[in-house]
Amino acid sequence: MKLISTRDSQAVDALEAIICGIAKSGGLFVPTSFPELTKEEIEFCGKASYSEAAALVLSKYIDELSLEELNEITKRAYGGFDTEAIAPNVKLDENEYILELWHGRTLAFKDMALSVLPLLLVKSKEKKGLKEKTLVLVATSGDTGKAALDGFANVEGIDVCVFYPSDGVSQLQKLQMITQEGENTHVFAVKGNFDDAQTGVKNIFAHKEFVEFLRSKGYELSSANSINFGRLAPQIAYYVCSYARLLKEGEVKEGEKVNFVVPTGNFGNILAAYYAMKMGIPVNKLICASNKNNVLTDFFRKGKYTANREFFKTISPSMDILVSSNLERLLFELCGRKGEKVADWMKQLKEQGSYDISAEEMDLSDFYADWADEEETKQTIKKIYDKHGYLLDTHTAVAVNVYDKYLAETGDKTKTVIASTANPYKFVYDVLENFEKELPEEVFDAVDMLNKVTGEPIPQNIKALKGKEIRHKGIAEKTQMEDAILGFIK
Ligand SMILES: *Cc1c(COP(=O)(O)O)cnc(C)c1O
């Protein structure tokens with residue numbers, strides 16, 4: 001289907017959007033309209049395998065590929081997951097379900113999309129007859145980087161280059177990235193925080209001479225960040241599938257609304273829930289949960305987006321973000337799809353670090369937003385484990401805590417699905433701390449201890465990291481990320 005830019009009138013088809021990642025104006029590609037799912041299609045998603053359901057949802061947006069081609073892609077993509085349900089709904093309590101999105105190879109929800117994107121990109125290039133190499137640039141707060149490296153490793157015709165904030169990721173997240181195999185993978189620590197890395201990558205895309213130079217070397221740039229529509233589309237599928245399965249299992253009745261609670265950073269995951277709602281999944285509230293970097297809470301409550309504020313390093317590092325890129329796609333919908341308006345707000349954000357929509361008549365009522373501080377996050381991990389024997393990671397704990405606040409405020413009885421975005425072992429120290437006072441120095445000892453104390457099984461892909469060769473030692477100043485790229489482009 002045709003996609004349009006959020007800032008101007010550039011229109012491309014879905015394959016082109018996947019290939020280039022971002023619009024020329026810096027805008028993001030969004031569908032020209034939201035395809036509706038029929039009652040039968042939702043029922044199908046409840047009964048079918050996850051990969052079949054995902055292919056159906058993808059086919060609504062990427063109709064340039066046949067359903068058969070999409071089925072091949074999703075079947076391969078989800079083949080490496082460690083549970084057949086791929087994204088199971090786990091009932092935690094009356095009315096409360098955890099949607100586990102971390103059963104992929106890198107143990108975070110990014111695998112749900114990044115195991116699909118490389119296959120979509122290769123297919124898109126093939127259909128368009130493109131022979132150039134693709135250089136995929138990624139800024140990561142920890143989880144996207146590894147999932148992209150894993151997804152793109154050894155994929156023909158593609159190089160992938162990841163920039164992560166040097167002190168902004170967990171020890172195991174870092175180990176996962178710097179031990180990555182594959183001659184086409186490149187990893188650099190950026191001296192700065194995630195926003196510096198993300199801004200650096202955006203600036204490279206916007207630097208015409210550099211892009212031209214890469215072209216002269218046979219490379220086209222693309223992005224694996226959630227600004228790429230090929231990331232967003234597979235994420236919509238798990239919200240559709242979660243609802244369809246609840247329906248099939250009789251947990252909700254036909255047409256019954258649910259809430260989705262999403263621990264949010266770059267606004268990609270929760271935006272996919274919004275898209276699922278636009279496609280016809282009955283939603284009461286989309287609950288946007290933030291950590292101490294609560295820029296989105298302020299936005300939804302006051303209508304002002306202010307990135308000019310102190311940046312906090314938290315125990316939920318994948319949400320340590322002050323510039324939530326995908327919010328642009330929501331703004332575009334809420335303001336009545338006025339590209340000039342969006343372009344103007346984004347200009348203000350870039351130049352002044354803030355923008356204000358409070359005077360606009362925008363309806364934000366589909367959303368509820370709140371945040372959890374560090375102490376609340378930790379207490380939630382302990383509380384849920386004591387009550388249910390269920391071990392949350394630090395990001396999902398933010399979501400559960402915000403849901404508790406929502407319940408206290410509203411008393412809402414609507415069935416609620418909480419997106420669980422990472423396996424607790426990825427953030428082993430901050431999880432273990434809630435159960436043990438003396439923490440071992442060696443990270444794999446901490447892993448063993450968490451296993452002993454909670455009985456939570458250690459994922460194979462954590463065990464496999466032990467003793468693995470460190471392959472990536474590069475460091476980049478935040479102003480010199482282009483030089484890092486020049487180092488491996490021959
Ligand atoms: C990326 C990530 C998030 C935030 O998701 P967004 O799409 O950026 O809002 C939350 N939790 C974990 C574990 C993540 O990796």
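In this predicted model, Pro165 stands opposite Val190 of strand S8. The two residues belong to a pairing between strand S7, residues 158–165, and S8, which run in the parallel sense and are joined over six bridges. On another side of the pairing pattern, S8, residues 185–191, is joined to strand S16 by four bridges, and these two strands also run parallel. Here Ala189 is the residue that stands opposite Ile475 in S16. How much of S8 is covered? Six of its seven residues are buried, so the strand is mostly covered, where buried stands for a relative accessible area under 20%.

These pairings are part of an open sheet of five strands, in the order S9-S6-S7-S8-S16, with parallel pairing. The edge positions are taken by strand S9, residues 219–223, and strand S16, residues 474–477, each of which pairs on one side only. Averaged over the sheet, and with direction ignored, neighbouring strands are turned by 30 degrees against each other. Helix H10, residues 208–216, packs on this sheet and touches strand S6, residues 133–139, as well as S9. The direction of H10 makes about 125 degrees with that of S9. As background to the strand pairings, strands of a sheet pair through backbone hydrogen bonds, either parallel or antiparallel.

Another parallel pairing involves strand S11, residues 283–290, and strand S14, which are joined over five bridges. Within it, Leu286 stands opposite Phe367 in S14. Strand S14, residues 367–371, is mostly covered, with four of its five residues buried.

A helix pair comes next. How do helix H8 and helix H19 lie relative to each other? The axes of H8, residues 171–178, and H19, residues 443–454, come within 11 Å and cross at roughly 120 degrees. Angles of 65 to 115 degrees count as roughly perpendicular and those over 145 as roughly antiparallel, and H8 and H19 are therefore oblique to each other. The crossing in which H8 passes H19 is left-handed. On the H8 side the contact is made by Gln171, Leu172 and Leu175, which meet Val443, Phe444 and Val447 in H19. By residue class, this contact of H8 with H19 divides into five nonpolar, one polar and no charged.

Lys278 is found in helix H12, which covers residues 268–278. Is Lys278 buried, exposed or partly exposed? Its relative accessibility is 34%, and for that reason Lys278 counts as partly exposed. Setting aside residues up to four places away in sequence, Lys278 touches Phe34 and Glu36. Between Lys278 and Glu433 there are 155 residues of separation in sequence, and their C-alpha atoms are 41 Å apart in space.

Arg76 is found in helix H4, residues 67–77. Arg76 and Arg231 are 155 residues apart along the chain, and their C-alpha atoms are separated by 16 Å.

Note on methods
Residues are numbered from 1 along each chain as its sequence is written. This is a predicted model: local features need pLDDT of at least 70, side-chain atom pairs count only at pLDDT 80 or more; totals for chains, interfaces and linings use all residues. Side-chain values use heavy atoms; hydrogens and water are left out. Two strands pair if DSSP finds at least two bridges between them. Axes are lines fitted to C-alpha atoms, for helices over the stretch in contact, and angles run from 0 to 180 degrees between N-to-C directions. Contact means heavy atoms within 4.5 Å. Angles under 35 degrees count as roughly parallel, over 145 as roughly antiparallel, 65 to 115 as roughly perpendicular and the rest as oblique. A crossing is left-handed if the near helix is turned anticlockwise from the far one by less than a right angle, and right-handed if clockwise. Ala, Val, Leu, Ile, Met, Phe, Trp, Tyr, Cys and Pro count as nonpolar, Asp, Glu, Lys and Arg as charged, and the others, Gly among them, as polar. Buried means under 20% relative accessible area, exposed over 50%, partly exposed in between (1.4 Å probe, protein chains only).
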